[in-house]
Amino acid sequence: MPTDQLSKVVVVGAGVAGMRAAETLRLDGYDGDLTIVGAERQAPYHRPPLSKKLLTGEVHRAGIDMAAQFDLGARVLRGASAVGVDMSERTVAVRDENRDLALPFDGLVIASGAVPRAWPGGPVPEGVLLLRTVEDCLAIRERLGARPRVVVVGGGFIGAEVAASCRSLGLDVVLVEKSGGLLSLALGEEMAPCWAELHRRHGVELRVGVGVDAFVGNGRVQGVRLTDGSQVPADLVVVGLGVTPATDWLRGSGLRIDDGVVCDATGAAEGVKGVVAAGDVARWWHPLYERHLRIEHWDTAGRRGAAAARTLLAGPDRAETFDDVPYFWSDQYDVKVQMLGVPADYDALEFVEGRPGAGGFVAAYGRGGRTVAVLGTIADRVYAYRDAIAKRADFPPRRPD
């Protein structure tokens, strides 16, 4: 649906994907009605600091707000939840405090994000917390002032970053991961010992290959009982078991939902017109990897939000494929981990520069004899390998000059 046929656009989600989509709509000439539906009451903000500098108090709350570049001229509903969409009537059902609204649209941006996985064992005692929103972060940070004994459950990026942040404050930290190693699902089993050594070197007690049997405490958490029969004392537990895409409100819509909203390579939702999706909720087809990818990282969310808006404006006949090489980073202690590309289903890994524990390294991932991703701890060095990934260079890639 070209720009001149759009008059009512609704953006569901006020995170980086939704806000970049809204900004791009205006920058690229859309001057019709624009409504942004945000589930949180807070002004739009950046999430990466929640497990890092905002958690430790190095930045203040206002320091993570998304700086407004210009007046979007939008109707913004904060603390409002999208609860359904009617594709035949072209309306989004929204619960806004005590009001039920039906927002008409001829263009819809789905950027509703993801929700953290709750503890599967049912109700938990007070002091067992999740980290997803700024309110979650501030609630945890307030408790850190009492210098609690911290247990982090989950050795993915959120768990590893929270553990690093708490150790930087001098707190006693135990990190529990039921798989064989930290970050192994994201970065591969071969790399897990590298992160384990990093955390041990900074004083984290690792309990790897063991799960949580129960939380111990009479109303308030006092410990964590593990599946090996041991018990770890705890005054605060942060659970990081990953997230699931926020798609419940799309049930019955006719959209194809499969671990997120399934989109083509332009960000258009498959099977419908005038609907795009971006951010944690979206699974885009990536031509380079020849598969649908749902990527839960800030940089990709912003870039795909902008690309989705351009797709909406261009219409299905003129929309352009988005094939940028994905990028993300993670700060843990004095190490910035950077990944360019996606190592899904890699069958080979090789260090092409340096070695772990020897002042930084670059590791390349290969699949079928081609380079698919590069991981590095040497500042920004991964960017030198962008062409190797984008052009499907032979594996291992040659070291760039």
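Here are some friendly notes on the domains, salt bridges and cysteines of this structure.

1. **Ground rules.** This is a predicted model, in which local features need pLDDT of at least 70 and side-chain atom pairs count only at pLDDT 80 or more, while totals for chains, interfaces and linings use all residues. Residues are numbered from 1 along each chain as its sequence is written, and side-chain values use heavy atoms, leaving out hydrogens and water.

2. **Domains.** The protein divides into domain 1 (8–115 + 244–314), domain 2 (118–241) and domain 3 (334–391). These bounds come from an automatic or database domain assignment. Between the C-alpha centres of domain 1 and domain 2 the distance is 30 Å. In their contact (heavy atoms within 4.5 Å), 16 residues come from domain 1 and 16 residues from domain 2.

3. **Area between domains 1 and 2.** About 1,400 Å² is buried between domain 1 and domain 2, and carbon and sulfur atoms give 61% of that area. Buried area here is the accessible area (1.4 Å probe) that two parts lose on being put together, summed over both.

4. **Polar links across that interface.** Nine residue pairs are in polar contact between domain 1 and domain 2, both residues being at pLDDT 80 or more. A polar contact is a pair of N or O atoms within 3.5 Å; within protein, one must be able to donate a hydrogen and the other to accept it, and residues adjacent in sequence count only if both atoms are side-chain atoms. Helix α2 (residues 53–56) gives the most to the side of domain 1 that touches domain 2, with three residues. Helices (H or I, at least four residues) and strands (E, at least two) are DSSP runs, numbered from the N terminus. There are also two salt bridges between domain 1 and domain 2.

5. **Salt bridges overall.** Side chains of opposite charge can pair when their charged atoms come close. The rule used here asks for a side-chain nitrogen of Lys or Arg within 4 Å of a carboxyl oxygen of Asp or Glu, and the count comes to 28 salt bridges. Among them is the pair Asp-280 and Arg-132, at 3.0 Å from N to O. Glu-126, Arg-143 and Arg-220 are linked in a network of salt bridges.

6. **Arg-310 with Asp-28.** Where do the two partners of this pair lie? Their side chains meet at 3.6 Å, N to O. Arg-310 lies in helix α7 (residues 298–314) and Asp-28 in the loop between α1 (16–27) and β2 (33–38), so the pair ties together parts that are 282 residues apart in sequence. Arg-310 is partly exposed at 45% relative accessibility, and Asp-28 is partly exposed at 40%. For these labels, buried means under 20% relative accessible area, exposed over 50%, and partly exposed in between (1.4 Å probe, protein chains only).

7. **Arg-399 with Glu-353.** This salt bridge spans 3.7 Å, N to O. It links distant parts of the chain, with Arg-399 in the segment after α8 (386–390) and Glu-353 in strand β24 (residues 348–354), 46 residues apart. Arg-399 is exposed at 57% relative accessibility, whereas Glu-353 is buried at 6%.

8. **Arg-294 with Glu-296.** The side chains of this pair form a salt bridge at 2.9 Å, N to O. Arg-294 is buried, with a relative accessible area of 18%, and Glu-296 is partly exposed at 35%.

9. **Cysteines.** How many disulfides does the structure hold? The count is zero, taking a disulfide as a pair of cysteine sulfur atoms within 2.5 Å. Cys-194 counts as buried at 17% relative accessibility, and Cys-263 is buried at 0%.
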